[in-house]
Amino acid sequence: MSQLPSTNETHSPYKFISKARLPTAHGQFDIHVFENAEGQEHVMLTCGLPTDNTDDVANKEKLPPLVRIHSECLTGDAFSSLKCDCGPQLNATMQAIQQEGCGAILYLRQEGRGIGLTNKIRAYALQDQGHDTLDANLLLGLPADARTYEMCKPMLDHVGISKLRLMTNNPDKLSYLEDLGFEVVERIPLVVGLNPFNVDYLATKRERMGHHLNNDISSLVFKPISEQ
Ligand SMILES: Nc1nc2c(ncn2[C@@H]2O[C@H](COP(=O)(O)OP(=O)(O)OP(=O)(O)O)[C@@H](O)[C@H]2O)c(=O)[nH]1
Ligand SMILES: [Zn+2]
């Protein structure tokens with residue numbers, strides 16, 4: 001079995017490396033890359049922040065920026081997998097930030113809730129046999145969620161965000177950010193991309209992982225991809 005990087009050991013701190021413009025189908029972002037001494041990378045997309053050369057005075061009048069902390073999901077983000085809600089969540093976040101004209105997406109390279117791609121596919125194989133997303137991790141001898149969030153601090157500090165509105169259904173992300181000293185003034189629910197293949201996954205996240213999701217996910221309307 002491939003080794004799970006130890007999340008308990010102290011990683012060297014992440015440093016800002018470079019920033020560039022990134023035109024996307026959803027609009028213009030800046031992309032910032034951060035790296036630590038071990039060569040681990042994380043990415044942040046921003047738009048409309050004072051450091052993106054916008055008018056500082058105008059920004060002071062606005063609500064705190066929208067922020068999304070998104071964990072890497074190759075299958076959902078790149079391959080449009082229907083097993084999870086990651087792809088639609090990423091798209092919805094990019095659209096919301098563009099609509100509002102200000103915000104940041106921290107794209108953390110913590111594939112598979114931090115267990116890595118290989119182990120996530122092993123977990124998917126167990127899910128094919130009927131195990132849910134949490135038990136599949138546990139059966140592999142891995143934590144249900146191996147992610148850490150300490151890298152958010154240098155990333156958000158770099159663009160001067162201390163107060164924010166967080167787009168998530170995951171209560172852990174809120175408490176981690178607050179523990180890091182950030183003021184989360186609002187949690188914005190992000191319930192998109194429900195489909196017949198991920199309804200059980202989302203129900204498990206609600207029932208066993210404490211995610212803020214509708215009590216009756218099955219009552220949410222399933223929208224075909226073309227309408228999402
Ligand atoms: N181990 C494992 N990881 C999964 C599975 N399905 C999705 N993932 C991973 O779960 C993570 C989803 O992360 P986020 O999009 O940040 O979502 P979240 O923690 O559920 O919280 P939200 O902010 O509410 O979306 C990604 O790293 C996915 O690769 C699964 O069945 N098993
Ligand atoms: Zn996913």
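**View 1. C73 in the loop between β4 and α2.** C73 sits in the loop that joins β4 (66-71) to α2 (74-78); helices (H or I, at least four residues) and strands (E, at least two) are DSSP runs, numbered from the N terminus. The model is predicted, so local features need pLDDT of at least 70 and side-chain atom pairs count only at pLDDT 80 or more, while totals for chains, interfaces and linings use all residues. Residues are numbered from 1 along each chain as its sequence is written, and chains are lettered from A and ligands numbered from 1 in the order in which they are written. C73 is buried because 23 other C-beta atoms lie within 10 Å (buried means 20 or more other C-beta atoms within 10 Å of the residue's own, exposed means 12 or fewer, and partly exposed is in between; C-beta atoms are placed from the backbone). Not counting residues up to four places away in sequence, C73 touches C84, C86 and E111 (in contact means that the C-beta atoms, placed from the backbone, lie within 7 Å).

**View 2. The UniProt "binding site" residues C73, C84 and C86.** This annotation comes from an unreviewed UniProt entry; UniProt positions are given in the numbering used here, feature names are shortened, and annotations may be inferred rather than shown by experiment. C84 lies in the loop between α2 and α3 (86-100). C84 counts as buried because it has 20 C-beta neighbours inside 10 Å. Residues up to four places away in sequence aside, C84 touches C73, G76, N198 and Y201.

**View 3. The UniProt "active site" residues D145 and R147.** This annotation, too, is from an unreviewed entry. D145 is found in the loop between α5 (133-139) and α6 (152-158), and R147 has its place in the loop between α5 and α6. D145 is partly exposed because it has 18 C-beta neighbours inside 10 Å; R147 is partly exposed because it has 18 C-beta neighbours inside 10 Å. Leaving out residues up to four places away in sequence, D145 touches R113 and G114. With neighbours within four places in sequence set aside, R147 is in contact with S71, Q110, R113 and G114.

**View 4. The residues around ligand 1.** Ligand 1 is surrounded by 23 residues, and the closest are S71, C73, T168, N169 and N170 (a residue is near a molecule if its C-beta atom, placed from the backbone, lies within 6 Å of it). β4, α3, α4 (117-128) and α5 each give two or more residues to this shell. The shell has six nonpolar, eleven polar and six charged residues (Ala, Val, Leu, Ile, Met, Phe, Trp, Tyr, Cys and Pro count as nonpolar, Asp, Glu, Lys and Arg as charged, and the others, Gly among them, as polar).

How values were computed
Two residues are in contact if their C-beta atoms, placed from the backbone, lie within 7 Å.
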